[in-house]
Amino acid sequence: MRAHASVPLISLFLSLVVLPVSAATFSDVPSTHRFSVQIEELARMKVVTGNPDGTFTPGNPVNRAAMLTMLYRAKGLTPSSPSSACGQDVVRGSWYEAIVCDALTRKYVQGYGDGSFKPERAVTRSEALKMLHAVLGLPVPALTPEASAGLGMHYQDVLVSSWYSVYVSAALKTALLPLPGDASPMFGPDTALTRGEAAAYIYAGIMTNGGPERPS
């Protein structure tokens, strides 16, 4: 009788147990967000950070310096301290100076013809894709006839003759593209990359490259 009487008590106890629920790191990135997994994982790896108010603002554009900064964190790279100015618009002592100068020295990126880098300009999807492959060391195979045909099948706005076509082709080959939930026939090479898209780019690049790397 006692054994049978204990069953309701056990059931009552279990019904009162509250199992822990993993809360979202950022208040504006719920689990239903298109890039929630990527953003949460990069936050855990300390590749991305949020705003002081606890938001991530995934729809906001990313500038060129910020994209490089996230890629350096993802790769575990420590930039060398710049010994001299490395661009006419790279502000000495700025938060991005060391990384931008280091990336220019390593030839991960190039400045513009007028000697500027435009660190605070929004990075485009095509520019970000090139940075991703350069900093993470992802392979960029030459365009073959088959790869060229594949470009046209996926994106109507990527010309084989464009400078970024090899990076788009490489991204398609490694499944970096298309981004999760994106069925558009347009790549939008000159479209400003959002913070959410940047997280998707970088996370896919890290996984393609075999996972997070240690600082160097």
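Trainee: How many aromatic pairs does the structure hold?

Mentor: The structure holds six aromatic pairs. Keep in mind that this is a predicted model.

Trainee: Take F26 and F56. Why is this pair called tilted?

Mentor: Start with the distance. The ring centres of F26 and F56 are 5.1 Å apart, and the limit for a pair is 6.5 Å. Then the angle. The planes stand at 40°. Stacked needs under 30 degrees and edge-to-face needs over 60.

Trainee: What makes F26 and F56 a tie between parts of the chain?

Mentor: Their places in the sequence. F26 sits in the loop between α1 (2-16) and α2 (36-44). F56 sits in the loop between α2 and α3 (64-75). The parts they tie together are 30 residues apart in sequence.

Trainee: Is F26 buried or exposed? And F56, buried or exposed?

Mentor: F26 has a relative accessible area of 7%. For F56 the value is 1%. Buried means under 20%, so F26 is buried and F56 is buried.

Trainee: Now W95 and Y96. Why is that pair called edge-to-face?

Mentor: Their centres are 5.3 Å apart and the planes make 90°. The distance is within 6.5 Å and the angle is over 60 degrees, so the pair counts as edge-to-face.

Trainee: How do you know whether W95 is buried or exposed? And Y96, buried or exposed?

Mentor: W95 has a relative accessible area of 53%. Exposed means over 50%, so W95 is exposed. Y96 has 3%. That is under 20%, so Y96 is buried.

Trainee: Which residues do ring pairs link into a cluster?

Mentor: W163, Y164 and Y167.

Trainee: Rings can also lie under a charge. What makes R64 count as lying over the face of F117?

Mentor: R64 is 4.2 Å from the ring centre of F117, and the distance limit is 6 Å. R121 passes too, lying over the face of Y112 at 5.4 Å from the ring centre.

Trainee: On to salt bridges. How many are there?

Mentor: The count comes to six salt bridges.

Trainee: Why do E41 and R44 count as a salt bridge?

Mentor: Their closest N and O atoms are 2.8 Å apart. The cut-off is 4 Å, so E41 and R44 form a salt bridge. E41 and R44 are three residues apart in helix α2, so about one helical turn separates them.

Trainee: Why is E41 called partly exposed? And how do you know the class of R44?

Mentor: E41 has a relative accessible area of 25%, which falls between the 20% and 50% cut-offs. So E41 is partly exposed. R44 stands at 55%. That is over 50%, so R44 is exposed.

Trainee: What about R92 and E97?

Mentor: Their side chains meet at 2.4 Å, N to O. That is within 4 Å, so this is a salt bridge. R92 is partly exposed at 47%, whereas E97 is buried at 7%.

Trainee: How do you know that K118 and D114 meet in a salt bridge?

Mentor: The N to O distance is 3.6 Å. That is within 4 Å, so K118 and D114 count. D114 is partly exposed, with a value of 45%.

Trainee: What makes C86 and C101 a disulfide?

Mentor: Their sulfur atoms are 1.9 Å apart, and the limit is 2.5 Å. A search of the whole structure finds one disulfide.

Trainee: Why is the disulfide of C86 and C101 given a handedness?

Mentor: The torsion about its S-S bond is about -70°, so the disulfide is left-handed. The pair links distant parts of the chain. C86 lies in the loop between α3 and α4 (97-105), and C101 lies in helix α4, 15 residues apart. C86 is partly exposed at 27%. C101 is buried at 5%.

Trainee: Last, helix α5. How do you know whether V135 is buried or exposed?

Mentor: V135 has a relative accessible area of 1%. Under 20% means buried, so V135 is buried. V135 belongs to helix α5 (residues 125-136). Beyond four places in sequence, V135 touches L68, L71, Y72, K75, L77 and Y108.

Trainee: And H133, buried or exposed?

Mentor: H133 also lies in helix α5. Its value is 3%, so H133 is buried. Its contacts beyond four places in sequence include L138, P139, Y167 and L176.

Key
Residues numbered from 1 in each chain as written. Predicted model: local features only at pLDDT ≥ 70, side-chain atom pairs only at ≥ 80, totals over all residues. Heavy atoms only, no water. Helix = DSSP H or I, 4+ residues; strand = E, 2+ residues; numbered from the N terminus. Buried < 20%, exposed > 50% of the residue type's maximum accessible area, 1.4 Å probe, protein only. Lys NZ or Arg CZ within 6 Å of the ring centre and 35° of its normal. Contact = heavy atoms within 4.5 Å.
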